[in-house]
Amino acid sequence: MSKMQSVNPATLKVSGEVDTTDPSEVPGIIEGCRKAQGEWIDMPKRMRLACMDRLLDIIVDRADEIAATIHADTGKPRSECHSTEILTAIGMTKYARSLLKDFKFKERIKQGPMSMMCTFMGRRSYIEYQPYGVVAVISSYNFPIAIPFTETVMAVAAGNAVIIKPSSDTPLCGDLIQSIFEEAGFPKGLVRSVSGPGLGSAITSSDVDKIAFTGGTDTGIEVMKSAADKLVPVILELGGKDAMIVMEDADVPRAANGATWASFVNSGQVCVSIKRIYVQREVYDSFLRMYIERVRGLKQGNGWDDPDISVGPMINERELNRMTQICDEITSQGGRIVLGGRVNPNLDGYFFEPTVVTDLPVDAPVVSKEIFGPIVCVFPFDTEEEAIRLANDNPFALAGSVWTSDLERGRRIASRLRSGTIDVNNAVYTYGLPATPWGGRGMSGIGTTHALEGFRQMMHPHHIHIDKGGSRRDPWWMPYNKADSELIEDLGGAFFARRGGIVSCATRFLRTRKRE
Ligand code: NDP
């Protein structure tokens with residue numbers, strides 16, 4: 001069996017290896033997942049809850065080992081391994097457990113304006129939320145535990161099996177997720193991680209029942225095209241180009257602190273990291289001065305043993321080189337690099353210096369392009385309307401933020417920004433709030449993870465309609481006749497209380513029944 005290595009981009013040392021899977025093995029693995037899903041869904045709920053409890057215990061007890069694996073795959077600072085990954089996994093596991101315990105997987109529902117008629121006719125509707133079966137979780141490299149783990153735990157709590165395809169840059173984390181689920185006592189094969197070349201497309205063209213994909217927009221489009229062949233439903237969590245709007249009444253030091261974290265956490269390799277900062281002209285100079293001062297003070301390097309290191313590496317050499325090319329693009333389009341803009345010459349790993357850009361025209365082509373790294377552009381604006389227009393003038397619509405001391409104004413602006421999530425006076429961190437929805441619009445994707453919406457998207461709403469069968473035929477059944485036709489014509493008015501009336505319809509219906 002061939003192996004795939006993981007390289008720690010902070011040290012450039014091989015940090016481990018995993019067995020690879022050949023694309024031809026995918027159908028058999030999915031078959032195994034399907035079998036395990038049958039066992040899982042047949043287990044009494046208390047046993048499934050006990051598995052979730054053990055899962056939680058393992059993550060908490062083995063947090064340091066999990067953090068070390070995240071670091072081995074990504075080189076990110078130890079504190080980020082805990083803050084952005086493990087805390088997120090713990091929160092989501094607790095939340096998914098609560099949904100498994102309390103969610104009404106079967107519930108009676110009303111039928112809308114026809115409810116009264118249905119009740120009268122002895123008819124009931126129920127929804128059974130049924131798991132899809134086997135969900136494919138295909139993930140990006142930037143949060144190799146937080147993202148695939150949260151999607152997996154929600155899918156499993158909803159009753160599915162999961163085949164995980166981690167990024168080829170982070171295979172150790174994929175295997176770790178599988179082993180944690182196995183250790184927690186979930187049926188063997190319920191959660192399978194597979195690594196190797198060409199596996200993404202082998203999975204999207206396979207017999208999986210749902211795809212939860214996180215990655216670049218171009219790849220997401222390929223995934224959707226492939227899934228379309230079998231009409232497999234997809235959730236696509238794709239790229240972003242998040243705007244931060246700083247109003248003149250904002251707490252500028254706090255905004256500068258927030259921007260520093262939200263633009264350079266994970267070295268800017270975050271779908272929702274701040275990439276465009278629009279600052280009202282009255283506070284532009286003071287914000288920029290404070291922001292640059294704070295960013296200049298950030299220590300970069302291998303943050304595993306040194307807790308003062310804030311900025312880690314890019315994931316690989318290709319992404320590192322891409323940052324240099326983007327800086328060239330920015331300067332050729334009129335931007336001025338006021339900080340950073342180069343590979344860190346003092347470090348051996350794939351480190352790109354935190355980079356701040358000014359003077360870029362707001363309509364420069366690079367403003368509409370995702371930059372998945374530590375490069376941030378700052379622009380001045382004059383009016384609220386202008387800020388909203390600039391923030392919305394982008395193909396991506398994932399998240400964003402407004403900074404103001406007037407919360408009413410913050411809410412007003414937030415509701416006019418096109419996106420999945422908008423924070424007022426904060427940014428980025430709501431991925432760690434499991435009961436709040438996550439998902440973008442436009443080129444940032446479709447569908448939702450997290451929250452009740454995300455949980456429901458892991459299940460099919462199976463509608464069961466029960467008729468006690470009290471009448472021999474319904475008035476709209478064949479053969480048609482004059483009396484039934486008139487009754488049906490009156491029904492429309494009765495439902496919307498304009499003409500006719502429920503009572504007269506009911507009386508006529510009873511008469512029809514007698515005739516039968
Ligand atoms: P990629 O799109 O390069 O890869 C994502 C995953 O898709 C990887 O596992 C990759 O495998 C796999 N893949 C590649 N080609 C195909 C294919 N044809 N069919 C199916 N799967 C395929 O993304 P990155 O890993 O570079 O991640 C960065 C991107 O992810 C950014 O654009 C970022 O904004 C986005 N992202 C979005 C989030 C959101 O919530 N909206 C969250 C986090 C990131 P392999 O590695 O083997 O190529």
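The model is predicted. Its largest pocket has a volume of about 1000 Å³, while the second largest pocket holds about 280 Å³ of space. Helix H12 contributes to the lining of the largest pocket, and several of the residues of H12 are buried.

**The largest pocket**

- The lining of the largest pocket consists of 39 residues.
- Those that lie nearest the centre of this pocket are Tyr141, Gly215, Gly216, Thr217 and Thr219.
- Two or more lining residues come from each of helix H8 (199–204), strand E8 (210–214), helix H9 (217–228) and helix H12 (317–332).
- Of the elements, H12 gives the most to this lining, with 7 residues.

- A set of 17 residues lines the second largest pocket, and Thr84, Thr88, Tyr429, Tyr431 and Gly432 lie nearest its centre.
- Helix H4 (78–102) and helix H6 (146–157) are the elements that give two or more residues to this lining.
- The largest share, 4 residues, comes from H4.
- The lining of the second largest pocket divides into 13 nonpolar and 4 polar residues, with no charged ones.

**Helix H12**

- The 16 residues of H12 should span 22 Å at 1.5 Å a residue, and the end C-alpha atoms of the helix are 23 Å apart, which agrees with that expectation.
- The buried residues of H12 are Glu319, Leu320, Met323, Ile326, Cys327 and Ile330.
- On the face turned away from the buried side, H12 carries the exposed residues Arg318 and Ser332.

**Glutamate 384**

- Glutamate 384 is located in helix H13, which covers residues 384–392.
- Glutamate 384 has a relative accessibility of 19%; it therefore counts as buried, since buried means under 20%.
- Apart from neighbours within four places in sequence, glutamate 384 is in contact with Met247, Arg409, Arg412 and Ile413.

How values were computed. Residues are numbered from 1 along each chain as its sequence is written. This is a predicted model: local features need pLDDT of at least 70, side-chain atom pairs count only at pLDDT 80 or more; totals for chains, interfaces and linings use all residues. Side-chain values use heavy atoms; hydrogens and water are left out. On a 1 Å grid over the protein atoms alone, a cavity is a set of points where a 1.4 Å probe fits but cannot get out, and a pocket is an open set with protein on both sides within 12 Å along at least five of seven lines; lining residues have an atom within 4 Å of a point. Grid points are joined across faces, edges and corners, and a volume is the space filled by probe spheres set on the points. Ala, Val, Leu, Ile, Met, Phe, Trp, Tyr, Cys and Pro count as nonpolar, Asp, Glu, Lys and Arg as charged, and the others, Gly among them, as polar. Buried means under 20% relative accessible area, exposed over 50%, partly exposed in between (1.4 Å probe, protein chains only). Contact means heavy atoms within 4.5 Å. The expected span of a helix is 1.5 Å times one less than its number of residues.
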